[in-house]
Amino acid sequence: MTSPSGDILVLGGGPVGLACAAWTLQKYPNIQLTLIDRNPVEDSALGSSDTRGIALSHGSKLLLDTIGAWPNESAPIHQVHVSQAGRFGRALMTREELKQDALGHIVRYRDIHLALRNALRNLQKNSPHFIWQHIDANSAPLDIDAQCIVHAEGGLFKTQDWVESGRDYGQAALVGLVEVEAAVPHMAWERFTAEGPLAVLPSHFGTNILNLVWCGSPESTQIRLALSDVEFLSALQNEFGTRIGRFLKIQDRRFYDLGLNYRKEIHQGNAVWIGNAAQTLHPVAGQGLNLGLRDAYLLSEKLSSVFARTATAITTTGIEKALSEYAQSRQIDRKTTIGLTDMMARVFTSNLIPVVFARGLALSALQWLPPIKTALARQMMFGRR
């Protein structure tokens, strides 16, 4: 296998790596860009891959629309109801308050992946110097020779080969699809239990087929994974309550470890890290992929402007300066999003009475102080630039 070389090398064919390559090619089709993808060439091989529902903000939808990478099947969120199980405090956010078409969208991870692959293929037709190289998932590390290296191979918490800074919350998530009796169309529910957040989210399968994300200790989550369907639905009903009627059916239960990993520095020399290669977040606020897509979009803007110059104007010093500027520009958004997610993951799993009381006050404040609620919602939807 020949060594990858050229202007830019993107390592990682997941959604963030694909998006970064696509936006860069859209802005500068003549760039010499190589994408190293450990996924199979054929889309059919991904047909039964990761089917969990992923929360994408409305800001992410607007970004993906620019390259025609929005999946055909998605479920918009018009309202979000947040509450504590057995405690006071609740908040309701609506799209009308934010004057947006939707607060967010739930899309299967697989569908995002496939939509981005198709978008990149379309851009490839007019990108003469783009190489999309598929390699075996277990291949040895590559001999890399490129002016700029983008690390976009992230993986999930506890599967990553790097741990720089972070936190193990001692939590895992059980995800699946549940059928319910009386769901409210386009409404997302987030219920904070004694063990962690329990989210019931829309899906494209219809009003009463919803995505489930149930967080708890790894031990409890493994027990729930092993329950019969009847036992599981009974336990879920007891924890969630009857706001959407009875839980009727559960399918496609899966287990994921949860935690926080993040790099303090996302730029070193001619290399830069984005998406889950830069930070892996708890799903409590649904911000992981959204933050990664903002990484990819803003990096593509910086890279396309650098490599669109004449060959003699592109220098190692100039590339490193551009990456340094990119890293600096991402500090506020990364710090805010990581900090907010980490705080929510810890605060909303504590059972200390003062913390429980403070949680209730915070939720009540969100409900009765619209400027605070609006500011939080806008951070979730668009991040900070």
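## Lysine 302 and its partner

Lysine 302 counts as partly exposed, at 24% relative accessibility. Keep in mind that this is a predicted model. The side chain of lysine 302 meets that of glutamate 325 in a salt bridge, at 3.1 Å from N to O. That pair links distant parts of the chain: lysine 302 sits in helix H7 (residues 288-307) and glutamate 325 in helix H8 (residues 316-329), 23 residues apart. Glutamate 325 is partly exposed too, with a relative accessible area of 34%.

## Aspartate 43 and arginine 121

Here's another pair to look at: the side chains of aspartate 43 and arginine 121 form a salt bridge, 2.7 Å from N to O. Aspartate 43 lies in the loop between strand S2 (33-37) and strand S3 (53-57), while arginine 121 is in helix H4 (residues 109-124), so the pair ties together parts that are 78 residues apart in sequence.

## A buried pair

Aspartate 111 and arginine 108 make a salt bridge as well, with their closest N and O atoms 2.8 Å apart. Aspartate 111 is buried, with a relative accessible area of 12%. Arginine 108 is buried at 15%, because the cut-off for buried is under 20%.

## The whole count

Side chains of opposite charge can pair when their charged atoms come close. Searching the whole structure turns up 19 salt bridges, including the one between aspartate 43 and arginine 121.

Terms used. Residues are numbered from 1 along each chain as its sequence is written. This is a predicted model: local features need pLDDT of at least 70, side-chain atom pairs count only at pLDDT 80 or more; totals for chains, interfaces and linings use all residues. Side-chain values use heavy atoms; hydrogens and water are left out. A salt bridge is a side-chain nitrogen of Lys or Arg within 4 Å of a carboxyl oxygen of Asp or Glu. Helices (H or I, at least four residues) and strands (E, at least two) are DSSP runs, numbered from the N terminus. Buried means under 20% relative accessible area, exposed over 50%, partly exposed in between (1.4 Å probe, protein chains only).
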